[in-house]
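Q: Please go through this model with me. I would like each label set against its definition.
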Amino acid sequence: MLTCSLTLFIPTLTLELGTNSMFKFITQAIKRSLRRSKLARFSTGYLILLLVIIIFGPYLAPSDPLALDLEHTVQPPSMEYPFGTDGMGRCILSRIIYGARLTSLAGFVAILVGMTVGIPLGLISGYCRGKIDTVIMMGMETLMGFPYLLLVIVLITMLGPSLPNAMVAIGIWIMPYYTRLARASALSIKEQEFIEAARMSGESNFSIILRYIFPNSISPIIVWSTIYYARAILMAAGLGFLGLGAQPPIPEWGAMTAIGREYIFVAPHVLFFPSIIILLTALSFNIWGDLLRDILDPRLRGME
Amino acid sequence: MFKHILSRVIRAVITLVLLVSFIFIAMHYAPGDPVTTMLGAGAGPEKIKAMKHKYGLDKPLAYQYVDLWQRMIRADFGISWKTGTNVSQRLFRSIKYTLMLASTAMVIATAIGILAGIVSATKRDKLFDATTRSITLVGISLPTFVLGLGLMYIFAYVVDWFPSSGATSLKSLVLPAITLSLWVAGSLTRLVRSAMLDVLNEDYITGARAKGFSERFVVYKVALKNAGVTILTVLGLQFGLLLGGSVITEVVFSWPGLGQLMVEGVKSRDTPVVQGCVLFFAGGFIVVNLLVDFIYSYIDPRIRYQ
């Protein structure tokens, strides 16, 4: 329900205010929330730190994430290994730092796959209506009819368990949400007068979609992408934990917790550090998602 | 009423048919021949041909598709490619455990979610609401496996109250059920809260208050009844989340249910096993949402007379 009102609201807002003022409106609202809420400041700080780690990872990591040190296996945190070592004597801190890159990449690729397939389908569906719309949306609803995680598992079975395949599978899982989003935008934009004007000046349907509908539907897509990104990251970690995503020596956070599970009673730090990082990352993204939703959902705003 | 139910049943059946077809196509157009992958690169063409013949993979696709439906109607999910055992038997052995886990967790999650959601909505922006909101935010950010492993460390190691894995006694159900229910309760509380807030803003609530009804009557009789349809829909959808979460929970606690069977099936690329498990999960999800549909056409006369 929230989704529905939000997807309809942003395009109308964009049309009323224009894309530039729409972003100005959002940035101002974000600044206000940052001043008011401690949680928002915390999550922003954490996400900036994470970005720094992703960019400068290789310079920050104290050692090689794959280097084995068989004389120092399952060591508790020390000067040499700040987060301790795992069962193969690998430095957990370095693995988490490199893992940040992998995890963010996984989320990014998944979102990109979802967008490139989902958005054109949604725009076509909303603009053309009729039979094409029915067929596309029926396909999307079938995909959404799978319970959480199950669709991704079917796709992984098809492709085989590995990190790149997991990224593609997560992308396909997210795709229908983009289709729905783009369709809702297209539906409201196509009723505008400038579309009629374009049609009268003889532009083809293809060029109308590409030149008018698509640019006007971008803002809700960007906003929702922050939320989908968080979901994609969590899903990638979950698959890594199940052994259906990144495979063991790869320092992906989910796969690291799977290793940690074996040492849970012997050396809990092997499990603790990757778990806490996953939790903090997901928490920060969710706080941001909440923030954006509060700003953009007109009904919740009206109640303040 | 009858027409409404019939149209819902037909839609559920269509969804199921589409799902089965999708899984069938996905499994058959998988890149890389599954039989070759399983037998290894060293297997000769004779051996591959024999294996394909054994599982009926050399027949035309249309034949295989019809065959799949015929077998499904008889609840026959074929033979496992990996172990050669009967898949249906394993499915029925595992589903007991998944049902036990999922239903316990759903009951706990519903109780917590609805209660906390209502109280949180009525005491909007008070201490209880603020606390609940922070807890649920952490709750939805905690991946199931992190939550499960955390609980396992505390309750199976620090204080040794419950077994850490397996399904030997009723005690071993406690940790998996709590893990799964807390995860779902988090998002359920948030959704119930926003559904209740929506209703509490309606004019008829102000009307009821103006008539002098007690606050308790307004919240629990008027508002809750009106939020009921939304809450029920949300419950149905959350059940899908719970099924997916149960896969991860089962792996964390080595609970011998469908989820664990499925994950092992995926790892060994044992298509019939995965197919069977996914169909059970998806079928369960569809049936539960169909039930939800029935229930709300019963509680909401507007839907019944449409």
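Q: How many residues does the contact take from chain A and from chain B?
A: The contact takes 38 residues from chain A and 41 from chain B. Two residues are in contact if their C-beta atoms, placed from the backbone, lie within 7 Å. On the side of chain A, α5, α9 (218-242), α10 (253-262) and α11 (269-296) each supply at least two residues. Helices here are DSSP runs of H or I with at least four residues, strands are runs of E with at least two, and both are numbered from the N terminus.

Q: What kind of model is this, and how are residues and chains labelled?
A: This is a predicted model, in which local features need pLDDT of at least 70, side-chain atom pairs count only at pLDDT 80 or more, and totals for chains, interfaces and linings use all residues. Residues are numbered from 1 along each chain as its sequence is written, while chains are lettered from A and ligands numbered from 1 in the order in which they are written.

Q: What are the scores of the model, and what is the mean pLDDT of each chain?
A: The model scores ipTM 0.83 and pTM 0.84. pLDDT is the predictor's confidence in each residue, from 0 to 100. Chain A has a mean pLDDT of 82, with 90% of its residues at 70 or more. For chain B the mean is 83, and 94% of its residues reach 70 or more.

Q: Where does pLDDT stay under 50 in chain A?
A: One such stretch is residues 1-6, with eight contacts beyond four places in sequence. Another is residues 299-304, with three such contacts.

Q: Which elements of chain B have the lowest and the highest mean pLDDT?
A: Helix α2 (residues 34-39) of chain B has the lowest, 66. Helix α5 (residues 87-122) of chain B has the highest, 90.

Q: How many helices and strands does chain A have?
A: Chain A has twelve helices and zero strands.

Q: Why is A:Leu149 called buried?
A: A residue is buried if 20 or more other C-beta atoms lie within 10 Å of its own, exposed if 12 or fewer, and partly exposed in between, with C-beta atoms placed from the backbone. A:Leu149 has 26 other C-beta atoms within 10 Å, so it is buried. A:Leu149 sits in the loop between α4 (130-144) and α5 (150-159) of chain A. Its phi is near 80°, a positive value in a residue other than glycine.

Q: What makes B:Ser254 partly exposed?
A: B:Ser254 has 13 other C-beta atoms within 10 Å, so it counts as partly exposed. The loop that holds B:Ser254 runs between α10 and α11 (258-267) of chain B. Phi of B:Ser254 is positive too, near 45°.

Q: How do you know that A:Ala186 is buried?
A: A:Ala186 has 26 C-beta neighbours inside 10 Å, so it counts as buried. A:Ala186 lies in helix α6 of chain A. Beyond four places in sequence, its contacts are A:Gly122, A:Leu123, A:Gly126, A:Tyr127, A:Ile213 and A:Ser217.

Q: Why is helix α7 (residues 193-200) of chain A said to lie largely in the open?
A: Of its eight residues, the number buried is zero, so α7(A) lies largely in the open. After α7(A) comes A:Gly202, with a positive phi near 85°.

Q: How many residues has the largest nonpolar core?
A: The largest nonpolar core has 148 residues. Such a core is a set of buried Ala, Val, Leu, Ile, Met, Phe, Trp, Tyr and Cys residues joined through C-beta atoms within 7 Å. Helix α6 (residues 163-189) of chain A gives the largest share, 16 residues. A:Ala232 and B:Cys277 are among the residues with the most contacts inside this core. Beyond four places in sequence, A:Ala232 touches A:Ala106, A:Gly107, A:Ala110, A:Ile111, A:Ile170 and A:Ile174.
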